[in-house]
Amino acid sequence: MIIKEAKFVSSNTEVAKCPETTLPEYAFIGRSNVGKSSLINMLTERSKLAKTSSLPGKTQLINHFIINDTWYLVDLPGYGWARVSQTSREKWSKMVKAYLRNRSNLACVFLLIDSRLEPQKTDLEFIQVLGTMGVPFVLVFTKTDKQSGQKTQANIATFKKTLLQTWEELPRLFITSAAEKKGREELLEFIAETNDQ
Ligand code: GDP
């Protein structure tokens, strides 16, 4: 897929105010600092489309972008900030769950996982939420340029093993680096394949 156009549409704190569900949408989420903004900018080849590293405590927003006038790219607020209050965490959880439950046009969630780390509790918990709610999702391992291919493969193998303790089937996995533009074609191909339009 060629990204001819990528435009900001809206930022919302309420799911009810998000754009109409007339086009399929693909949502990006992960722990804070996982490389979500960098990945979105790499995919769209727009260096400032998604804002990098927003600070903890800032308003948590659901950001919609429209791509080629045919699908929405959604930047969801990250989780896992160390120093946010319980109230903020609950607010995040309520908003994201409402989003997952109510967007009838949600084609897939891209859950970003830092390829350098061992399986993180917050990521595993979020996978549990997605699975329980029956939301289609894939895993996107980020920042693979930061270590050897061998180390990436070892970390992904550990992640898979951990998932297989609770799940019978593994989701589809993508290996990416925003710095090296790695995985871009595969992700865009996946979106094109699953996009009904
Ligand atoms: P976000 O909080 O998930 O949106 O993460 P950002 O996209 O802001 O990235 C967090 C930090 O990781 C920034 O300093 C980025 O420059 C860096 N980063 C993100 N992706 C990559 C990558 O693929 N490779 C490298 N080397 N650094 C990355």
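Visitor: Where is K143?
Guide: K143 sits in the loop between β6 and α4 (149-164). Helices (H or I, at least four residues) and strands (E, at least two) are DSSP runs numbered from the N terminus. Before we go on, this is a predicted model, where local features need pLDDT of at least 70, side-chain atom pairs count only at pLDDT 80 or more, and totals for chains, interfaces and linings use all residues. Residue numbers start from 1 along each chain as its sequence is written.

Visitor: OK, and is K143 buried or exposed?
Guide: K143 is buried, because 23 other C-beta atoms lie within 10 Å. The cut-offs are 20 or more for buried, 12 or fewer for exposed, and partly exposed in between, counting other C-beta atoms within 10 Å, with C-beta placed from the backbone. K143 also has a positive phi of about 60°, although it is not a glycine.

Visitor: Where is N33 found, then?
Guide: In the loop between β2 and α1. N33 has 15 C-beta neighbours inside 10 Å, so it counts as partly exposed.

Visitor: Switching to strands: what does β3 pair with?
Guide: β1 (residues 6-12) pairs with β3 in the antiparallel sense over six bridges, and five bridges join β3 to β4, also antiparallel. Pairing here requires at least two DSSP bridges between the strands. As for individual partners, K7 bridges to I66 in β3, and I67 bridges to W71 in β4.

Visitor: How many residues are in the largest nonpolar core?
Guide: There are 38, and A27, F28, L111 and L112 have the most contacts inside it. The largest share of this core, six residues, comes from β5. Such a core is a set of buried Ala, Val, Leu, Ile, Met, Phe, Trp, Tyr and Cys residues joined through C-beta atoms within 7 Å.

Visitor: And which residues does L112 touch?
Guide: Not counting residues up to four places away in sequence, L112 touches several, including F28, I29, V34, L39 and V140. A contact means C-beta atoms, placed from the backbone, within 7 Å.

Methods:
Contact = placed C-beta atoms within 7 Å.
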